[in-house]
Amino acid sequence: LKALECRANRIPYEEAMRDEALFSSIQERVFAGAKEVCDSLDQSDWDAGGRAFRSHPIHSDLVMKSPFAWRAFTKPSGYAGDKDMMLMILRNEDAGESNFARLMNRLYQTWPGAVRVTTRVAGMQGLLETLPSGARVLNIACGPAEEVRRLLDASPDRDIGFDLVDHDLNTLRYVRRTIPKRQAAPVVGNAYRFMKGDFRVVCPRVGIE
């Protein structure tokens with residue numbers, strides 16, 4: 001991987017982003033390395049294996065150069081899968097401070113977990129398009145609510161209301177900015193508590209504008 005990093009960073013940006021053979025080589029080496037790591041771990045103690053991997057120079061010197069991987073591991077919002085990670089996946093941009101970092105970022109954003117996010121948003125948008133006029137939707141753990149934004153951008157006159165529930169005030173501020181007020185009501189609530197039967201929520205009057 002270090003050799004591939006040097007190769008990627010020696011050539012111009014546009015050339016590196018178009019070089020399918022280079023990307024495939026990085027992908028193959030990452031997959032092979034991941035398999036080697038998994039095969040070497042005591043599968044009865046994945047936590048110890050994870051700690052060992054995170055302490056290895058490969059993790060800090062190579063993996064964490066991807067902004068996507070950095071966010072997944074450091075969890076700056078305190079949890080995985082925050083709105084910014086979801087938006088990284090949906091925008092699918094070649095982000096990073098070097099050609100190699102951008103290619104590593106592209107790699108992680110094409111893995112099955114990331115692809116499922118994109119597929120889910122498209123599927124949810126398609127489902128919302130079938131709803132009748134006057135419908136109201138409860139969206140729990142809404143995140144950036146990209147499916148709602150896309151629906152209303154394409155059909156701004158649709159008479160559908162949305163209660164957008166999330167525990168993160170920064171996320172609710174984002175949906176307030178990106179989705180029309182008349183069609184969406186941001187609500188503070190926790191999906192994990194809902195699963196335990198605690199359905200208490202707060203409709204904030206201040207703090208999200």
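Strands β2 and β3 (residues 184-188) pair in the parallel sense through 5 bridges, two strands being counted as paired if DSSP finds at least two bridges between them. The model is a predicted one, in which local features need pLDDT of at least 70 and side-chain atom pairs count only at pLDDT 80 or more, whereas totals for chains, interfaces and linings use all residues. Residues are numbered from 1 along each chain as its sequence is written, and side-chain values use heavy atoms, with hydrogens and water left out.

The secondary structure of the chain consists of 12 helices and 3 strands; helices (H or I, at least four residues) and strands (E, at least two) are DSSP runs numbered from the N terminus. The C-alpha trace spans about 60 × 40 × 30 Å along its principal axes. Of the 209 residues in the chain, 37% are buried, where buried denotes under 20% relative accessible area, exposed over 50% and partly exposed in between (1.4 Å probe, protein chains only). Among contacts (heavy atoms within 4.5 Å) between residues at least 6 apart in sequence, 58% join residues at least 24 apart.

The strands form an open sheet of 3 strands in the order β1-β2-β3, with parallel pairing. Because β1 and β3 stand at the edges, each with a single partner strand, one side of each has no neighbour in the sheet. Neighbouring strands are turned by 20° against each other on average, direction ignored. Strand β2 (residues 161-166) is mostly covered, with 5 of its 6 residues buried. Strand β1 (residues 136-140) pairs with β2 in the parallel sense over 5 bridges. In this pairing, R136 stands opposite G161 of β2, and N139 has L164 of β2 as its bridge partner. On the β3 side, D163 is bridged to A185.

Helix α11 lies across β2 and β3 and runs at about 175° to β3. Angles run from 0 to 180 degrees between N-to-C directions, and axes are lines fitted to C-alpha atoms, for helices over the stretch in contact. The passage from β1 to β2 leads through helix α10 (residues 146-154) and is likewise a right-handed crossover. Helix α10 lies across β1 and β2, at about 155° to β2.

Helix α11 (residues 169-178) also packs against helix α7 (residues 83-91), at an angle of about 50° and with the axes 10 Å apart. The two helices are therefore oblique to each other, angles under 35 degrees counting as roughly parallel, over 145 as roughly antiparallel, 65 to 115 as roughly perpendicular and the rest as oblique. K83, L87 and R91 of α7 make the contact with N170, T171 and Y174 of α11.

Methods: Right-handed = clockwise from strand over helix to strand, strands pointing away.
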